[in-house]
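Good morning, colleagues. I shall begin with the confidence of the model and then turn to two residues. Please have the sequence and the structure in view.

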Amino acid sequence: AQIGPPGLELQSMNGIVKVKVSPPEANQRKKMWINDLTFKYNLVFWENSSHAQLQRKNIFPVDTIDDLAPNSTYCFKVQANLPIEGKQGWFSPISCVKTSQKAVEDLLCATNVSVLAVNMKFQLLWHNQGQQEVTYNVQYILGYLKKLHDDYSDKWLSVPRCENITNTWCNLSSIINNTAFYYLRVQTRQGHNKSCLSGEVKVDPLKTNRIGPPDVKLDLSDTLLHILISPPGGDEGEVMRDNYDLSYRILYWKNSSDKEGEVQQKEVKQTIATVSDVSPSSLYCVKVQAFSEPYNKSSAYSQQQCIHTPAGTPLPLIIFGIFMGALLVVLLVAASLVFVFYQAYNKIKYVFFPSCQPPLNIEGFEAQLFSSPYLSAAEEPVESCCVIESMVTEEGNQIDFTDYKHSKQSSRDSGNYSNDDNTSGSKGSKETLEKEVV
């Protein structure tokens with residue numbers, strides 16, 4: 001499908017030409033191109049003279065053309081394009097208009113209007129051409145309004161605290177939001193009758209803004225040099241980090257009295273970096289640059305920061321300290337192992353190889369059999385006892401011993417043996433035997 005010619009309306013006033021463009025299918029009920037905001041308009045114009053030179057300019061649907069010669073006839077034609085689809089439309093019919101004389105001299109208008117933005121702090125600057133006593137009013141408009149096909153001339157707003165001022169700068173930070181883009185201009189007033197508007201300047205915050213240098217602090221620990229980086233913007237650096245995806249380029253070198261060492265470079269994403277193997281009793285210097293790859297922006301380098309490393313410990317002392325420490329560890333481990341094995345040996349010897357046998361009976365406390373919890377109880381020994389009585393016959397003086405049945409006495413009945421009865425019995429038997437023998 002081909003893009004048809006758009007509509008074009010011209011209006012000349014106060015030395016400028018106001019252009020209003022309508023979409024190619026503005027008057028059609030059925031449309032091929034549904035979204036009119038996707039069109040980009042290319043304006044071609046020239047002065048209607050024998051030595052005319054073509055000029056081209058990308059414009060909004062409603063725009064103004066200045067810097068034209070007064071009291072001159074200019075001709076215009078416009079084309080609608082779709083850059084995303086690579087399509088270029090037909091040009092509109094040629095329309096011509098005659099410019100008028102400017103009502104106010106150029107010496108009254110503010111010139112060189114520009115935006116200075118560092119770390120999302122925005123200021124508008126301009127120059128005053130003459131020595132007249134004038135006041136300024138800074139105005140802004142949201143950029144999306146210019147993309148519409150409606151007239152936005154009455155939608156300009158004044159920047160707070162920048163109304164009727166005499167200085168040639170204005171702080172814009174109160175109105176700038178990084179999610180939108182803006183157009184700004186300066187209105188100059190002299191008295192009550194004269195006023196002039198400067199040229200417009202576009203502000204796309206993330207593209208217009210510049211990245212400032214970061215802050216750097218240095219710290220030492222052993223043989224490590226720690227580099228602490230504060231992102232650009234200080235306490236409000238979150239806006240910079242969140243929108244620019246910042247990285248840091250670190251330059252560091254060893255600075256001696258006679259010469260500077262080779263500059264080494266290191267790139268990090270974090271705000272803490274470490275340089276290892278720094279030499280003792282040396283001066284190290286560092287400077288850091290912040291950069292954003294997505295926006296192809298980089299800051300200036302930070303101020304150079306230097307730190308002096310302390311004197312190092314002599315190598316023999318270090319080796320001796322390491323040796324003594326290792327020796328102490330070995331001794332502690334060996335002592336612990338010896339103690340553990342010794343305790344285990346005593347336990348095993350006590351259980352399996354006791355040094356003395358426990359008594360068979362323990363009187364008192366309702367005597368209980370003493371036994372090892374690890375060994376099965378052995379059967380207790382039983383004593384065999386007998387009573388011998390002697391008899392002597394008259395015929396042969398023969399002694400006859402009668403062996404009574406053995407009596408068994410278990411040690412379990414009593415803790416001690418009672419020998420009183422046996423002793424008395426044996427004594428009586430012995431006396432009787434002697435009498436009989438006699």
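**Confidence and two local sites**

This is a predicted model, and in the protein the confidence is highest in strand β13, residues 169-171, with a mean pLDDT of 95. The lowest value belongs to strand β28, residues 407-409, where the mean is 42. Two stretches call for comment. Across residues 363-378 the pLDDT is below 50, and this stretch has 12 contacts in the model beyond near neighbours in sequence. Residues 392-438 also have a pLDDT below 50, with 50 contacts in the model beyond near neighbours in sequence. Where pLDDT is low, the predicted coordinates should not be read in detail. For the protein as a whole, the average pLDDT is 80, and 77% of the residues score at least 70.

Let me now turn to Lys146, which lies in helix α1, residues 144-147. Is Lys146 buried or exposed? Its relative accessible area is 1%, under the 20% cut-off, so Lys146 is buried. The side chain of Lys146 makes a polar contact of 2.2 Å with that of Glu200. Apart from neighbours within four places in sequence, the residues in contact with Lys146 are Phe60, Pro61, Tyr152, Tyr183 and Glu200.

Together with Phe320, Phe323, Leu327 and Leu331, Met324 forms a nonpolar patch on the surface. The accessible area of these residues together is about 500 Å².

Key. Residues are numbered from 1 along each chain as its sequence is written. Side-chain values use heavy atoms; hydrogens and water are left out. pLDDT is the predictor's confidence in each residue, from 0 to 100. Helices (H or I, at least four residues) and strands (E, at least two) are DSSP runs, numbered from the N terminus. Contact means heavy atoms within 4.5 Å. Buried means under 20% relative accessible area, exposed over 50%, partly exposed in between (1.4 Å probe, protein chains only). A polar contact is a pair of N or O atoms within 3.5 Å; within protein, one must be able to donate a hydrogen and the other to accept it, and residues adjacent in sequence count only if both atoms are side-chain atoms. Patches are made of residues with over 30% relative accessible area and no salt bridge: like charges are joined within 9 Å, nonpolar side chains (Val, Leu, Ile, Met, Phe, Trp, Tyr) within 5 Å. Accessible areas come from the Shrake-Rupley method with a 1.4 Å probe; for residues, only the protein chains shown count as cover. A salt bridge is a side-chain nitrogen of Lys or Arg within 4 Å of a carboxyl oxygen of Asp or Glu.
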